[in-house]
Amino acid sequence: MRVLHHSAMVVAPSLADHDAHVGGAHDEHHDHGEAAAGMSSFNLRLLAMAVILVGGLAGVLPPLIGKWLASPDSITGRAVRAFSGGAILGVALIHIIPEGMELLGDTVTGYHGAGGVPVVLGLLVLLFIDHLATYLLVGRQLAKQRKQAAAAPPSTHSFDRQQASNLHACCPVAGSSTAAAAADGSDGNKKVDVEQGAGVIPPTGEAAVSAAATGLSPFAHSHHHLPACQITTIKHLVTCYSMEAGCVFHSVVIGISIGVSTNSALLATLTAVMVFHQGLEGLALGSVLALTQLSLIKKLSMAAVFALCMPIGIAVGLAIAGGHDADSVPWLVAQGVLNGVSGGMLLYVALYSLLAEEFSKSDLIFRPGLAALLAAAVLLGVGAMAVIGIWG
């Protein structure tokens, strides 16, 4: 019995040491697995930065370099802008806004409309930016015209009716009687404005200077119709700047969400989806940039800013990934608010800057085939984003 007891005393510590060694090896293997997974997700996020940058550039650069969308009246350009408007509308209403509302609905209790407040805020912010940019640019153009008028001989300070008519004909409103008068050489005073349904008298004095300087007729309604004979209007510039602001903000928000993610399978899917997503948004921005008479350097600079914003957002997410709690209420509320604001901005860009601008042109009344083509392009853009939403 003493021998058996002694043998048991010897074997028991050996078994305990073996179990401890196996357990330690298992823990060490688990730690190595977690470290490898973390390194894999880190590498995937770095790869996402590069691939998404290329995708954004692939969408925004062709319209600028090829100049195939430079005319506001070309069928191809209008179809591309309609498609782009549908795509951005799909991004806002299918991808961004529902997620923001869901996050705020789960975290903010007691107020049913919490998810809609950031959306309205984003829309109003971009509306304010649009108005402010228009005010500043129009003011600058008018100040330039007044300075030129003051430096001119006194005989040119007054505008008679014929001079005013000539100035108004330089930048007629698309579909207006003045445009028709400019085309056939008849008197614009005897025509009837198609959109307003009333006789149009050309502006005189300072109003004529304003119309010639900005291309915005005082008789045009609030959609800022762009002249068919000119593409260098203030409205084009304002649309370009407001669209850039909305896309940049939205891209940074999505980039941060990707940067803080550590799920390798989800990162691979998001990277593929975001390449197409940025490509379509880039195409929309490039199609609007192509309408302006900004220098090629300025256009390329704005394109580069757009393409870099999501990779920059991913870099910010990588920087804060270790110090945030993805399940904390403040983080979820912040995500919901940012998604809502960016969704509201994109909603404004899609509905006002792109779709309303294209579908309010009066020639669609007489060209049902073109109207059907633009409607199909919008549906195709929305459908593309709906399909991407299956994975995104």
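This is a predicted model: local features need pLDDT of at least 70, side-chain atom pairs count only at pLDDT 80 or more; totals for chains, interfaces and linings use all residues.
Reader: In which hand does α3 pass α10, and how many nonpolar residues does their contact have?
Author: The crossing of α3 over α10 is right-handed. On the α3 side the contact includes Pro118, Leu121, Val125 and Asp130, while α10 brings residues including Val337, Gly340, Met345 and Tyr352. Sorted by class, the contact has 3 polar residues and 1 charged residue, and its nonpolar residues number 14.

Reader: Thanks! At roughly what angle do the axes of α2 and α11 cross?
Author: Here helix α2 (residues 75–107) meets helix α11 (residues 368–388), and α2 passes α11 in a right-handed crossing. Their axes come within 7 Å, and the crossing angle is roughly 35°.

Reader: How many residues of the contact of α2 with α11 are nonpolar?
Author: From α2, the contact draws on residues including Ile75, Arg78, Phe83, Gly86 and His95; from α11, Leu370, Ala377, Gly381 and Ile388 are among them. By class there are 4 polar and 1 charged, and the nonpolar count is 18.

Reader: Staying with α2, is Leu103 buried or exposed?
Author: Leu103 is found in helix α2. Its relative accessible area is 17%. The cut-off for burial is under 20%. Leu103 therefore counts as buried.

Reader: What distance separates the C-alpha atoms of Leu103 and Val333?
Author: Leaving out residues up to four places away in sequence, Leu103 touches Leu332, Gln335, Gly336 and Asn339. Val333 is 230 residues from Leu103 along the chain, yet their C-alpha atoms are separated by 6.7 Å.

Reader: What is the relative accessibility of Cys247, and which residues does Cys247 touch beyond four places in sequence?
Author: Cys247 lies in helix α7 (residues 234–259). It counts as buried because its relative accessibility is 0%. Its C-alpha atom is 8.0 Å from that of Ser342, 95 residues apart in sequence. Not counting residues up to four places away, Cys247 touches Glu281, Phe306 and Leu346.

Reader: And with which residues is Ala307 in contact, leaving aside its neighbours within four places in sequence?
Author: Ala307 has its place in helix α9 (residues 296–320) and is buried at 0% relative accessibility. Leu61 is 246 residues from Ala307 in sequence, but the two lie 9.9 Å apart, C-alpha to C-alpha. With neighbours within four places set aside, the contacts of Ala307 are Leu53, Gly56 and Leu57.

Reader: Zooming out, how many helices and strands does the chain have?
Author: Read along the sequence, the pattern is α-α-α-α-α-α-α-α-α-α-α. The secondary structure accordingly comes to 11 helices and 0 strands.

Reader: Among contacts between residues at least 6 apart in sequence, what share joins residues at least 24 apart?
Author: The pairs Leu103 with Val333 and Cys247 with Ser342 already illustrated separation along the chain. For contacts in the chain between residues at least 6 apart, the share joining residues at least 24 apart is 79%.

Conventions:
Residues are numbered from 1 along each chain as its sequence is written. Side-chain values use heavy atoms; hydrogens and water are left out. Helices (H or I, at least four residues) and strands (E, at least two) are DSSP runs, numbered from the N terminus. Contact means heavy atoms within 4.5 Å. A crossing is left-handed if the near helix is turned anticlockwise from the far one by less than a right angle, and right-handed if clockwise. Ala, Val, Leu, Ile, Met, Phe, Trp, Tyr, Cys and Pro count as nonpolar, Asp, Glu, Lys and Arg as charged, and the others, Gly among them, as polar. Axes are lines fitted to C-alpha atoms, for helices over the stretch in contact, and angles run from 0 to 180 degrees between N-to-C directions. Buried means under 20% relative accessible area, exposed over 50%, partly exposed in between (1.4 Å probe, protein chains only).
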